[in-house]
Amino acid sequence: MKFDNVEEFRAKRSAAVSYIQSETDFQPEYLLILGTGLGQLAEEIDISDTIEYDDIPNFPVSTVESHHGRLIFGHLGNKPVMAMQGRFHYYEGYTMQQIAFPVRVAKALGVQTLVVSNACGGLNPNYRRGDIMLINDHINFLGDNPLIGPNDNELEPRFADMSEPYTERLIETAENVALDLSIKMHKGVYLAVSGPMLETRSEYRYMRQLGADVVGMSTVPEVIAAVHMGLDVLGISVITDECFPDALEPVSIDDVLEAAAMAEPKMTQVIIGVLERL
Ligand code: HPA
C-alpha cells in the first residue's frame, strides 16, 4: 500500500479510525510500540479493549512469529494507552506508509506521545547484552522514510524538523526513574538499517565510526511519522547482542529473544515509572 494522494490517505485513515471507535470508546493519550521479544509489557496493562490488526480496515498484518498482532487499549501507570502488540518492519516488505499508518491512526484517536521499544545490537563497547538504552537521537540508514509522497499540508509540514526527535523532557524523566530504581541505563544514538540480515564486521565498524551506539531494524519510521505530527517521543532500546567487530560471534533469533527477555523487566519498570510521573 502506497498512498497516491492526500484524499486517499485521509479516507483510509478515517476508515481505520471509525472502525476502532465503533469497537471501543477508550481515548488513548499514549501509543506504545513494543519491540521484538518485548511484548510482555502488555501484560501489565489494565486492559479495557483489544482489537486484532486483521479486523482494522487498511491496517497492515504482522508476519513475524515472535509478534502478536493486536491493539490493546487500557491503563498503564495510570495513563490511557494504546499498545501495539506486534509491529511492522521494512524487511517484511511493508511500505514506509504502512509502517507509519498505525501511528497516524493513533494521532487521529487523540494520542499525544509515542513510547517505542526495540531490540538492537550494541556497537558502543561499553554496552553489554541485556543492557537498556534511552534513544536520544537516530541515524536513518533505511534508504527510505514515511514522509516521501503526498503530504497533508493542512495538518503537517512538508519538511519535518528533526532537531529533537526524542523529547528531552521525557528523556530526563526516564533518567530520573532509572536512577531512583537503581537501573543501569545508557543513553545514545540508534542507527536504523533495513535488515533482515545482521551486519558484517566492516559494517559494524563503519556504523560505530559514524557515531551510532546501537543498530536495529525498526523504530525510526514510526518516530519520523510521530515527529512529523508533533507527537512527543520516548524511545528505549534493549541490547540483545554485542556487535564488536574484532570479537564478533554468530547471533541467532533465540539469542536475541533470550536477551530481550532478560532486559524486559528493566524496560517495563522504566516505562511504567515514566508514565506514572507524567
Ligand atoms: N543488527 C541489527 N538489528 C539488530 C541487531 C543487530 O545486530 N540485533 C538485534 N537487532
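**Figure 1. Leu210 has its place in helix α4.** Welcome to this predicted model, in which local features need pLDDT of at least 70 and side-chain atom pairs count only at pLDDT 80 or more, while totals for chains, interfaces and linings use all residues. Residues are numbered from 1 along each chain as its sequence is written, and side-chain values use heavy atoms, with hydrogens and water left out. Helices (H or I, at least four residues) and strands (E, at least two) are DSSP runs, numbered from the N terminus. Leu210 has a relative accessible area of 39%, so this residue is partly exposed; buried means under 20%, exposed over 50%, and partly exposed in between (1.4 Å probe, protein chains only). Between Leu210 and Leu181 there are 29 residues in sequence and 32 Å in space, C-alpha to C-alpha.

**Figure 2. Phe141, Tyr206 and Leu210 make a nonpolar surface patch.** The patch covers about 280 Å². Patches are made of residues with over 30% relative accessible area and no salt bridge; like charges are joined within 9 Å, and nonpolar side chains (Val, Leu, Ile, Met, Phe, Trp, Tyr) within 5 Å. Accessible areas come from the Shrake-Rupley method with a 1.4 Å probe, and for residues only the protein chains shown count as cover. A salt bridge is a side-chain nitrogen of Lys or Arg within 4 Å of a carboxyl oxygen of Asp or Glu.

**Figure 3. Glu23, Glu52, Asp54 and Asp55 form a negative surface patch.** Asp and Glu count as negative and Lys and Arg as positive, while His and the chain ends are not counted. The place of a charge is taken as NZ of Lys, CZ of Arg, CG of Asp or CD of Glu. With 38% relative accessibility, Glu52 counts as partly exposed.

**Figure 4. Glu8 and Lys12 meet in a salt bridge.** Side chains of opposite charge can pair when their charged atoms come close. Here the N to O distance is 2.8 Å. Because Glu8 and Lys12 are four residues apart in helix α1 (residues 6-23), about one helical turn separates them. The structure holds twelve salt bridges, and a network of them links Arg10, Asp152 and Glu154.

**Figure 5. Glu175 pairs with Lys187 in a salt bridge.** The closest N and O atoms of Glu175 and Lys187 are 3.4 Å apart. This pair links distant parts of the chain, twelve residues apart: Glu175 is in helix α3 (residues 168-180) and Lys187 in strand β7 (residues 185-192). Glu175 is partly exposed at 30% relative accessibility, and Lys187 is partly exposed at 36%.

**Figure 6. Arg205 forms a salt bridge with Asp246.** The closest N and O atoms of Arg205 and Asp246 lie 3.0 Å apart. Arg205 belongs to helix α4 (residues 201-210) and Asp246 to the loop between β9 (232-242) and α6 (253-277), so the pair ties together parts that are 41 residues apart in sequence. Arg205 is partly exposed, with a relative accessible area of 33%, whereas Asp246 counts as exposed at 69%.

**Figure 7. A polar contact joins the side chains of Asn124 and Asp213.** The contact spans 3.0 Å. A polar contact is a pair of N or O atoms within 3.5 Å; within protein, one must be able to donate a hydrogen and the other to accept it, and residues adjacent in sequence count only if both atoms are side-chain atoms. Asn124 is found in the loop between β5 (113-122) and β6 (132-140). At 9% relative accessibility, Asn124 counts as buried.
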